[in-house]
Amino acid sequence: NGLAETTLTVNGVTYDKTSAEVTDGFGNGLVADALRLGMWIEVTGTFDDATGLGVAASIRVRPAARGVVTAVSVGGPTVTLLESTAAYDAAATVIDGVEGAELLQIGDLIEVHGPLGNSPGKVEATRLERLAVVVPDRGFELRGRITNLDATARTMTVGRQPVTWAGATLLLRQAVANGQVVRVASMLPPEAGKAWAVERLT
């Protein structure tokens with residue numbers, strides 16, 4: 001909800017973030033300056049009832065998707081990437097890297113934050129950023145719910161994106177199962193007509 005030099009506010013609770021460990025969804029370290037308004041994050045720490053303030057011990061940044069735009073609908077308004085449809089609100093969604101989300105073009109690399117919607121592959125975007133790089137330093141990434149699981153072939157659908165994790169590093173605490181929300185990533189984007197060969201699954 002809010003971000004200042006030494007604090008951040010999440011769901012109405014303000015935390016001191018000066019000593020927090022900041023990581024991405026796979027545990028890779030990030031600099032604290034990487035935090036931006038509208039990001040979807042998880043915070044652990046302590047809370048003081050007397051002051052109403054918390055102290056963050058760890059902050060995990062958890063985007064819904066990072067990938068290449070494959071469709072833009074101004075009438076929606078929505079943006080599609082990694083077979084996911086990100087619905088945004090020009091007044092409420094934080095738009096960064098471009099004057100307006102309607103100016104995004106097919107082929108642009110973007111990062112989307114927000115909760116998953118009720119239907120597969122739907123994201124209610126709280127933040128939408130066009131990235132300046134061609135290939136993101138942390139790879140292409142997608143968070144979504146598993147369907148169409150084939151544990152033998154190691155294929156599944158995450159959101160609406162077909163995925164194969166045959167060569168992936170697994171960082172799960174439980175067995176892969178339909179209905180489970182997971183995060184997948186690869187340094188390479190999906191190839192048209194093929195299941196996305198991901199390198200990490202958590």
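This is a predicted model: local features need pLDDT of at least 70, side-chain atom pairs count only at pLDDT 80 or more; totals for chains, interfaces and linings use all residues.
In which loop is Glu-83 found? Glu-83 is in the loop between E8 and strand E9 (84–87).

**Backbone angles**

Glu-83 has a positive phi although it is not glycine, and it counts as partly exposed. Asn-148 also has a positive phi in a residue other than glycine. Asn-148 lies in strand E14 and counts as exposed, because its relative accessibility of 58% is over the 50% cut-off.

A cis peptide bond runs from Gly-76 to Pro-77, with omega near -10°. Pro-77 is placed in the loop between E7 and E8.

**Strand pairing**

Strands E2 (residues 7–10) and E3 (residues 13–16) run antiparallel and are joined by four bridges. Two residues separate the strands of this hairpin, where Asn-11 takes a positive phi near 50°. Strand E3 is also joined to strand E6 (residues 53–61), here in parallel, through three bridges. Asp-16 takes part in both pairings: Thr-7 stands opposite Asp-16 of E3, and Val-55 is the bridge partner of Asp-16 in E6.

In soluble globular proteins, nonpolar side chains tend to be buried together. The largest nonpolar core here has 32 residues, and Ile-110, Val-112, Leu-128, Met-156, Val-184 and Trp-196 have the most contacts inside it. At least two residues of this core come from each of strands E7 (65–73), E8 (78–81), E11 (109–113), E14 (140–150), E15 (155–158) and E18 (181–186). Another core lies apart from it and has 12 residues, including Leu-8, Val-22, Leu-30 and Leu-35.

Beyond four places in sequence, Met-156 touches residues including Ile-146, Asn-148, Trp-165, Val-184 and Leu-201. The structure holds zero aromatic pairs.

Asp-24 is found in the loop between strand E4 (21–23) and strand E5 (41–48). Is this residue buried or exposed? Asp-24 is buried, because its relative accessible area of 2% falls under the 20% cut-off. Leaving aside neighbours within four places in sequence, Asp-24 is in contact with Leu-30, Arg-60, Val-61 and Arg-138. A polar atom of the Asp-24 side chain lies 2.9 Å from the backbone nitrogen of Phe-26. The ring of Phe-26 has the charged end of Arg-200 over it, 3.9 Å from the ring centre.

Notes: Residues are numbered from 1 along each chain as its sequence is written. Side-chain values use heavy atoms; hydrogens and water are left out. Two strands pair if DSSP finds at least two bridges between them. A nonpolar core is a set of buried Ala, Val, Leu, Ile, Met, Phe, Trp, Tyr and Cys residues joined through side-chain atoms within 4.5 Å. Buried means under 20% relative accessible area, exposed over 50%, partly exposed in between (1.4 Å probe, protein chains only). Contact means heavy atoms within 4.5 Å. Rings of Phe, Tyr and Trp (its six-membered ring) pair if their centres lie within 6.5 Å; planes under 30 degrees apart count as stacked, over 60 as edge-to-face and the rest as tilted. A charge sits over a ring if NZ of Lys or CZ of Arg is within 6 Å of the ring centre and within 35 degrees of the ring normal. A polar contact is a pair of N or O atoms within 3.5 Å; within protein, one must be able to donate a hydrogen and the other to accept it, and residues adjacent in sequence count only if both atoms are side-chain atoms.
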